[in-house]
Amino acid sequence: MTLTSSGQISISDINGEFGRSGTTANSSLEDLSDGTVATINTGNASGDRPDGSAPHNMSEFYSYNHSASTTSWSNVPADFNLHTLDGSDFSVDSVVSGAKSITLSGGSGTTSVSCQQPSNGNIELKFAYSTSGDPGTNGTANSGSGYGNTVSGISFTSGTLYLRFKLAEVKANSGNLNTAENRTITFTNNGVSNTDLQINCRLSGL
């Protein structure tokens, strides 16, 4: 059961959400808020749970669900390489990864994804996503997002997020070749981030 999102809320209501009653429910708001009575369930969105810091307010328990699923990321893709060429024909080169995916459980609100950019300013790391299937090499299949390097506000709270990654040369014959470095991809939902995926990026000469 979830506590009310507005209006009156009582110590008894909060204790009931924690599954406590009778003489065991004689607790202060402070003890209920700071985890003394029970660990606060972070499966709730940050705005739907107490922050644990004084001053404590009853309103911090609005919409709190002590049985909410805890947010977690799993099935993270294994690290991989993306190496593209600095073409000699004055064309801008790029390379796209194979299909990738990651799983989110117990999420809340919206999801964000960001790509750490290579320090070599002549290449850019981007990604495309879809919540319904592989976005494909063009990044738009299955209602894919198209390619970008940071996206927030993704309407995704659980299930599989489908991904493609693209390493693109910013301009042709840009130089600064053959420097490889690992770049981190950050997935975030409900204040829970995963940074396990790293992509090895390199711009190579022909």
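**Briefing: strand pairing, aromatic rings and selected residues**

L125 stands opposite L167 in strand β8. This is a predicted model, in which local features need pLDDT of at least 70 and side-chain atom pairs count only at pLDDT 80 or more, while totals for chains, interfaces and linings use all residues. Residues are numbered from 1 along each chain as its sequence is written, and side-chain values use heavy atoms, with hydrogens and water left out. The protein holds 2 helices and 11 strands; these are DSSP runs numbered from the N terminus, a helix being H or I over at least four residues and a strand being E over at least two.

**Overall form**

- Along the sequence the elements follow the pattern α-α-β-β-β-β-β-β-β-β-β-β-β.
- The radius of gyration of the protein is 23 Å, well over the 17 Å that the globule rule gives for 206 residues, so the protein is more spread out than a compact globule. The radius is taken over C-alpha atoms, and the globule rule is 2.2 Å times the number of residues to the power 0.38.
- Taken along the principal axes, the C-alpha atoms fill a box of roughly 80 × 30 × 25 Å.
- Of the 206 residues, 40% are buried. Buried means under 20% relative accessible area, exposed means over 50%, and partly exposed lies in between, with a 1.4 Å probe and protein chains only.
- Among contacts between residues at least 6 apart in sequence, 70% join residues at least 24 apart; a contact means heavy atoms within 4.5 Å.

**Strands paired with β8**

- Strands count as paired if DSSP finds at least two bridges between them.
- Strand β6 (residues 123-130) pairs with β8 in the antiparallel sense over 8 bridges.
- Strand β4 (residues 100-105) runs antiparallel to β8 and is joined to it by 5 bridges. Within this pairing, S101 stands opposite Y162 in β8.
- Strand β3 (residues 94-96) is joined to β8 (residues 159-169) by 3 bridges, again antiparallel. V95 stands opposite L167 in β8.

**Aromatic rings and charges**

- The whole structure contains 7 aromatic pairs. F61 and Y64 have ring centres 5.6 Å apart and planes at 90°, so the pair is edge-to-face. Rings of Phe, Tyr and Trp (its six-membered ring) pair if their centres lie within 6.5 Å; planes under 30 degrees apart count as stacked, over 60 as edge-to-face and the rest as tilted.
- F61 is buried at a relative accessible area of 0%, and Y64 is buried at 0% as well.
- F80, F127, Y129 and F165 form one aromatic cluster.
- K100 lies over the face of F80, 4.2 Å from the ring centre. K166 lies over the face of Y147, 5.2 Å from the ring centre. A charge sits over a ring if NZ of Lys or CZ of Arg is within 6 Å of the ring centre and within 35 degrees of the ring normal.

**R183**

- R183 is in strand β9 (residues 181-189) and is buried, with a relative accessible area of 14%.
- The side chain of R183 reaches the backbone oxygen of Q117 at 2.9 Å. The cut-off for a polar contact is a pair of N or O atoms within 3.5 Å; within protein, one must be able to donate a hydrogen and the other to accept it, and residues adjacent in sequence count only if both atoms are side-chain atoms.
- Not counting residues up to four places away in sequence, R183 touches residues including Q116, Q117, P118, L125 and C201.

**S27 and S33**

- S27 lies in the loop between α1 (11-17) and α2 and is buried at 15% relative accessible area.
- The side chains of S27 and R20 make a polar contact at 2.8 Å. Beyond four places in sequence, S27 is in contact with I11, N15, R20, L32 and V37.
- S33 is in helix α2 and is buried at 1% relative accessibility.
- The side chain of S33 reaches the backbone oxygen of L29 at 2.8 Å. Leaving aside residues up to four places away, S33 touches I40, P50, G52, H56 and F61.

**D48**

- D48 sits in the loop between α2 (29-33) and β1 (72-74) and is partly exposed, with a relative accessible area of 27%.
- D48 and N65 are 17 residues apart in sequence, with their C-alpha atoms 8.2 Å apart.
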